[in-house]
Amino acid sequence: MPQERYVIIGNSAAGLNAAEAIREIDGEGEITLISAEDTLAYSRVATPYFISGEIGDRTLFFKDAQFYRDLNITPLLGKRVTAVEPAQNRVVLNDGTGIPYTKLLIGTGSTHQIPPIQGVDRVEFFPHWTLEEARRIKEKAAAVREVVVLGGGFISMLTINAMHKCNREIRFTVVELMDQVMPRLLDRQAAQMLEEQMRQQGIEVRTGAEAVELAELPGGRKRVTLKDGSLLEADMIVMATGVRPNIDFLQGSGIAVQRGVLVDQQMRTSVENIFAAGDCAECADFLHRERTVVHAIWPTAVEQGKVAGANMAGKRLEYPGSLSMNVLDAFGMTFTSIGLFQEEAGVEMLSFTDPERRIYRKLALKDGRRIVGLIAAGGAEEVRYMGAVQS
Ligand SMILES: Cc1cc2nc3c(=O)[nH]c(=O)nc-3n(C[C@H](O)[C@H](O)[C@H](O)COP(=O)(O)OP(=O)(O)OC[C@H]3O[C@@H](n4cnc5c(N)ncnc54)[C@H](O)[C@@H]3O)c2cc1C
């Protein structure tokens, strides 16, 4: 059999797990791994702890140069893929180089979603997705007093919590469009507990609020105008208004995309020899098989990467579907969310609240017997309920 030429785009959870899975099966094929970022592989999940000062930057890196040598992988770091050409079986890099493949994995993750707020192109702001951005935030956080955070989702909470730990002097104002923080992971009651906890720590939380204009003021200050006319001034704007799959470079490739790259259970795209995994892939939802979803979480990227890699090397593994899950450990409380938590037909919600101990648990039961979702808010020990849904 002719030797395979595997090309993997992405040097993170999905890409690396795919590379390892390929090598377990195929010791001979060439593997080229391309990454737009020029660093060795690091954990995005750990960057908040780097900002807070709880870990140093060296702890973030989980693969060293030896890893690529041991697995006989050619890393092309600091190279961006600008096009995929399925008819020619090649990808094109930003310097014009064409890299041929017999099997391709797209593992390009997510990128920020920057809302079209007036003035956004003229104001300095700080997103938090890459290590470089985490470094920028860490440096700036040491010297600011007032920060406006646009967006009240998971990344926003992690970033505020980390900045709060490294500089207790900062006064934060969070501006969230929806009527609660973390709407994708928490129900109203859990979100209210989180908001209360934040307010107790001096963080102003404005829900149901929309930023309509950003402006630079003299002396490096920024101004955020809200739709209701109120004006917020700050030394720094953190932009945490969500992420979206990093797939713009696939335009014109013919690979089917919706929100992300559409894949089947084998993580195969609409093109036979091209696979996708991780935050950029859109696959069947574990709980609603008829729906496709993008769950931008690390364990999903790992599992999908493993399945994609094995299948690229000739196996026929199936990914059972993606499940939303996450844990927020911030502001002195722990919030666990997995699976369903909103009302829907056939799903019964059982909840338990202990206001004194600041505990809230909600269980979603399907057909009266199968646990399909959970929210648990309280101390760190509440995380233990996560296993009930996973099993
Ligand atoms: C601050 C933060 C905290 C998080 N916390 C959690 C958590 O607690 N739990 C959890 O489950 N998840 C968490 N996540 C999400 C998690 O990090 C992602 O789900 C995971 O990193 C996805 O892995 P991936 O391999 O799909 O993509 P990514 O990790 O985004 O990696 C994408 C790779 O593709 C490369 N790339 C992108 N575009 C191109 C291109 N055009 N050409 C070449 N290379 C390209 C990038 O350089 C990178 O190497 C967090 C994320 C952040 C930012």
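**Exercise 1: The ligand and its surroundings**

In this predicted model, an oxygen atom of the ligand is 2.6 Å from an N or O atom in the side chain of Ser-12. Starting from this pair, describe the other contacts of the ligand and the shell of residues around the ligand.

*Solution.* Step one is to collect further polar contacts, for which a pair of N or O atoms must lie within 3.5 Å. Arg-44 places a polar side-chain atom 2.7 Å from an oxygen atom of the ligand, whereas Ala-296 contributes through its backbone, with an N or O atom 3.3 Å from a ligand oxygen.

Step two is to ask how much of the ligand is covered: taken alone the ligand exposes 990 Å², and the protein buries 95% of that area.

Step three is to trace the shell to secondary structure, where two or more residues each come from helix H1 (13–25), S2, helix H2 (47–52), helix H5 (154–166) and helix H7 (298–312). The ligand is surrounded by 35 residues, and the closest are Ser-12, Arg-44, Val-81, Asp-279 and Trp-298. Sorted by class, the shell holds 17 nonpolar, 13 polar and five charged residues.

**Exercise 2: The domains**

Identify the domains of the chain, and state which of them each give at least three residues to the shell around the ligand.

*Solution.* The domain assignment gives domain 1 (5–111 + 244–312), domain 2 (126–241) and domain 3 (332–390). Turning to the ligand, the shell draws at least three residues from each of domain 1 and domain 2.

**Exercise 3: The cavity**

Find how many cavities of 30 Å³ or more the whole structure contains, and work out what lines the largest cavity.

*Solution.* The search finds one such cavity, and about 30 Å³ of space lies in the largest cavity. Its lining is formed by Arg-5, Tyr-6, Val-7, Glu-30, Thr-32, Ile-99 and Pro-100. Strand S1 (5–9), strand S2 (30–35) and strand S6 (98–100) are the elements that give two or more residues to this lining, and S1 gives the most, with three. By class, the lining consists of four nonpolar, one polar and two charged residues.

Conventions: Residues are numbered from 1 along each chain as its sequence is written. This is a predicted model: local features need pLDDT of at least 70, side-chain atom pairs count only at pLDDT 80 or more; totals for chains, interfaces and linings use all residues. Side-chain values use heavy atoms; hydrogens and water are left out. On a 1 Å grid over the protein atoms alone, a cavity is a set of points where a 1.4 Å probe fits but cannot get out, and a pocket is an open set with protein on both sides within 12 Å along at least five of seven lines; lining residues have an atom within 4 Å of a point. Grid points are joined across faces, edges and corners, and a volume is the space filled by probe spheres set on the points. Helices (H or I, at least four residues) and strands (E, at least two) are DSSP runs, numbered from the N terminus. Ala, Val, Leu, Ile, Met, Phe, Trp, Tyr, Cys and Pro count as nonpolar, Asp, Glu, Lys and Arg as charged, and the others, Gly among them, as polar. A residue is near a molecule or strand if one of its heavy atoms lies within 4 Å of it. A polar contact is a pair of N or O atoms within 3.5 Å; within protein, one must be able to donate a hydrogen and the other to accept it, and residues adjacent in sequence count only if both atoms are side-chain atoms. Accessible areas come from the Shrake-Rupley method with a 1.4 Å probe; for residues, only the protein chains shown count as cover. Domain bounds come from an automatic or database domain assignment.
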